[in-house]
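Please read them with the structure open.

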Amino acid sequence: MKHVLVLGAGQLARMMALAGAPLNIKISAFDVNSEDIVHPLTLEVLGNGLQQAIDLADVITAEFEHIPLAVLDICEKSGKFLPSTQAIKAGGDRRIEKALLDQAGVKNAKYAIIRSRQDFDTAISHVGLPMVLKSALGGYDGKGQWRLKSLDNVESIWAEMLACIEQSENQAIVAEEFVPFQREVSLIGARNQQGDIAIYPLAENVHTDGVLTLSTAIDETELQQQAAKMFTAVAESLDYVGVLALEFFDVNGALLVNEIAPRVHNSGHWTQQGADTCQFENHLRAVCNMPLGSTQLTRTTSMVNILGEDCVPEAVHQLPGCHVHWYGKEKRAGRKMGHINVSASDNTELKATLIKLADVLDPAAFPALKPAAHAL
Ligand code: AMP
């Protein structure tokens, strides 16, 4: 029996616990808000504080990148933390992420860092318009972002950016060229302590208001090779151990990295039904010093996020190849509450099932599903 302590007590820790049970890997989770150690499924408080949980754990890992530095520090000092503080920081600070991508020789959007009004002017001339402005710290799912399309809006956007910069001493804005991409894809892979790498098929992702709504595994050899090369460069430059996700813009068949996530990822949930070994099991295998499991696609699969809803019609369970995964969270508007994996024997059947699924779900709660299914 191995004991893994996960920093973060959300759905990703929960799904790690579900995947770890058959391997006799026991998970406890650190809730960064309450600072309690909790059971990842029941959220029951387990009583021992962080230091005792660190002492009891064989391995410590993380389910998200916005972890207080003091917590990261004591975990790193224990010598049990994987992937590494450096990797977590790269996922949580866009400046470090950009520097890492450049150093690994991986293509990403042209950028500049802004802390002052003068930096903003320099960024406008270096990056050009239109540009996307993102807070360096704390932004995710499209939050903390602005679009500058014309110079008329510089002052109003600067006022908002300044308020954001002033919120914290270490805050800054990363200005990025606007990338005219056709679609967004992501790659999930795992690297273990021996340096072995196992990579899943790419997923094509549809976002709605900055939040992932549909993710579908795709089979495109040329694109897969490009993505795998970039994955390997990033993973090796970090000496990474665990599951790592890379999000890309696809611009006429050429990939640019948008973001990295040093953890299991929402766009990898399809692997629970569509791959030989799911991303959660492979993350645990990697951090527990085990051989990685096969990442082969076993059935063509899409994942549909359930946002702000705590039930779905009974008919969803009657659809062939549909599996609902709830996260056991209290309902809140827009909150990620669960997901539905839809598997089929081929793309035609997958598309037909997704259209049927869109027909039985409330279109107000799943606005992107029907058009996205038709576009597959
Ligand atoms: P992010 O939080 O960086 O993933 O950004 C949220 C969404 O904004 C992305 O999924 C893209 O749809 C869009 N976006 C981000 N950066 C850019 C960019 N440089 N050019 C065009 N669209 C972008």
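1. Basis. This is a predicted model, in which local features need pLDDT of at least 70, side-chain atom pairs count only at pLDDT 80 or more, and totals for chains, interfaces and linings use all residues. Residues are numbered from 1 along each chain as its sequence is written, and side-chain values use heavy atoms, with hydrogens and water left out.

2. Domains. The assignment gives domain 1 (2–81), domain 2 (110–177) and domain 3 (183–375). These bounds come from an automatic or database domain assignment. The centres of domain 2 and domain 3, taken over C-alpha atoms, are 30 Å apart.

3. Ligand placement. Domain 2 and domain 3 both give residues to the shell around the ligand, so the ligand lies between them. The shell holds 16 residues (near means a heavy atom within 4 Å). The closest are Lys134, Gln145, Glu176, Val179 and Glu184.

4. Shell make-up. Strand 6 (131–135), strand 7 (145–148), strand 8 (173–177) and strand 14 (254–261) each supply at least two shell residues. Strands here are DSSP runs (E, at least two residues), numbered from the N terminus. By class, the shell has five nonpolar, four polar and seven charged residues. Asp, Glu, Lys and Arg count as charged; Ala, Val, Leu, Ile, Met, Phe, Trp, Tyr, Cys and Pro count as nonpolar; the others, Gly among them, count as polar.

5. Polar contacts (N or O pairs within 3.5 Å). A side-chain N or O atom of Lys134 is 2.8 Å from a ligand oxygen. For a polar side-chain atom of Gln145, the distance to a ligand oxygen is 2.9 Å. For a side-chain N or O atom of Glu259, it is 3.3 Å. The protein covers 93% of the 470 Å² of accessible area that the ligand has on its own (Shrake-Rupley method, 1.4 Å probe).

6. Sheet 5-8-6-7. Four strands form this open sheet, with antiparallel pairing. Pairing requires at least two DSSP bridges between two strands. Strand 5 (111–114) and strand 7 are the edge strands, each pairing on one side only. Strands 6 and 7 are joined by four bridges.

7. Sheet 3-2-1-4. This open sheet of four strands has mixed pairing. Strand 3 (37–38) and strand 4 (59–62) each have a single partner strand, so one side of each is left without a neighbour in the sheet. Strand 2 (25–30) pairs with strand 3 in the antiparallel sense over two bridges. Ala29 stands opposite Val38 in strand 3.

Note on methods. Polar contact = N/O pair within 3.5 Å; in protein donor to acceptor, adjacent residues only side chain to side chain.
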